[in-house]
Amino acid sequence: QVQLAESGGGSVQAGGSLRLSCAASGYTYSRGCMAWFRQAPGKEREAVATIYTPDSRTYYADSVKGRFTISRDNAEKTLYLQMTSLTVEDTAMYYCAVDKFAPGGYCRMGRYEYNYWGQGTQVTVSS
């Protein structure tokens with residue numbers, strides 16, 4: 001039932017900014033988590049930011065903390081990732097993901113904990 005569609009990726013110079021969007025359908029925002037993952041060539045898919053639906057608590061990977069901001073628009077059913085001060089190391093395919101239940105009352109950071117995924121949007125940062 002849950003369908004996710006990312007957009008907003010593109011090419012940007014180092015130091016620049018991008019805002020990614022994830023349009024969600026079939027997700028009520030009453031429970032669970034939404035998250036942004038990324039995967040660079042030759043690397044594992046890693047969580048960069050999560051947001052817990054009931055109270056909007058957010059979590060960030062150390063690599064992006066202070067530079068990226070995750071947020072959601074409940075009315076529009078859209079998840080956002082505001083990315084600033086981008087570096088070449090941020091180049092990756094970025095994915096939106098949903099964990100409908102978030103057992104324990106917090107968002108998990110492992111890729112295998114999420115059941116629903118978008119197709120991804122490419123972010124390329126050049127120096």
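Modeller: Exposed means over 50% relative accessible area. Keep that in mind for this one, which is a predicted model.

Colleague: Okay, why does Glu44 count as exposed?

Modeller: Glu44 has 60% relative accessibility, so Glu44 counts as exposed.

Colleague: And what makes Glu44 and Arg111 a salt bridge?

Modeller: Their closest N and O atoms are 3.9 Å apart, and the cut-off is within 4 Å, so the pair counts. Glu44 sits in the loop between β4 and β5, Arg111 in the loop between β9 and β10, and the two are 67 residues apart.

Colleague: Why is Arg111 called partly exposed?

Modeller: Arg111 has a relative accessible area of 24%. Buried would need under 20% and exposed over 50%, so Arg111 falls in between.

Colleague: Which other salt bridges are worth a look?

Modeller: A search of the whole structure finds six. Among them is Arg67 with Asp90, at 2.7 Å from N to O. Arg67 lies in the loop between β6 and β7 and Asp90 in the loop between β8 and β9, so the pair ties together parts that are 23 residues apart in sequence. Both Arg67 and Asp90 are buried. Arg67 and Asp90 also belong to a network with Arg38 and Glu46, joined by salt bridges that share partners. Another one is Asp99 with Arg108, at 2.6 Å.

Colleague: How do you know whether Asp99 is buried or exposed?

Modeller: Asp99 has 1% relative accessibility, and buried means under 20%, so Asp99 is buried.

Colleague: On to the rings. What makes Tyr95 and Trp117 an aromatic pair, and what kind of pair is it?

Modeller: The centres are 6.4 Å apart, and the limit is within 6.5 Å, so the rings pair. The planes are 80 degrees apart, and over 60 counts as edge-to-face, so that is the label. Tyr95 is in strand β9 and Trp117 in strand β10, 22 residues apart. The structure holds four aromatic pairs, and Phe37, Tyr95, Tyr114 and Trp117 form one aromatic cluster.

Colleague: Why do Tyr95 and Trp117 get the accessibility labels they do?

Modeller: Tyr95 has a relative accessible area of 12%, which is under 20%, so Tyr95 is buried.

Colleague: Where does the charged end of Arg45 sit?

Modeller: The charged end of Arg45 sits over the ring of Tyr95, 3.8 Å from its centre. Arg45 also lies over the face of Trp117, at 4.9 Å from the ring centre. The distance limit is within 6 Å, so both rings meet that part of the test.

Definitions and conventions:
Residues numbered from 1 in each chain as written. Predicted model: local features only at pLDDT ≥ 70, side-chain atom pairs only at ≥ 80, totals over all residues. Heavy atoms only, no water. Phe/Tyr/Trp six-rings, centres within 6.5 Å; stacked < 30°, edge-to-face > 60°. Helix = DSSP H or I, 4+ residues; strand = E, 2+ residues; numbered from the N terminus. Buried < 20%, exposed > 50% of the residue type's maximum accessible area, 1.4 Å probe, protein only. Lys NZ or Arg CZ within 6 Å of the ring centre and 35° of its normal. Salt bridge = Lys/Arg side-chain N within 4 Å of Asp/Glu carboxyl O.
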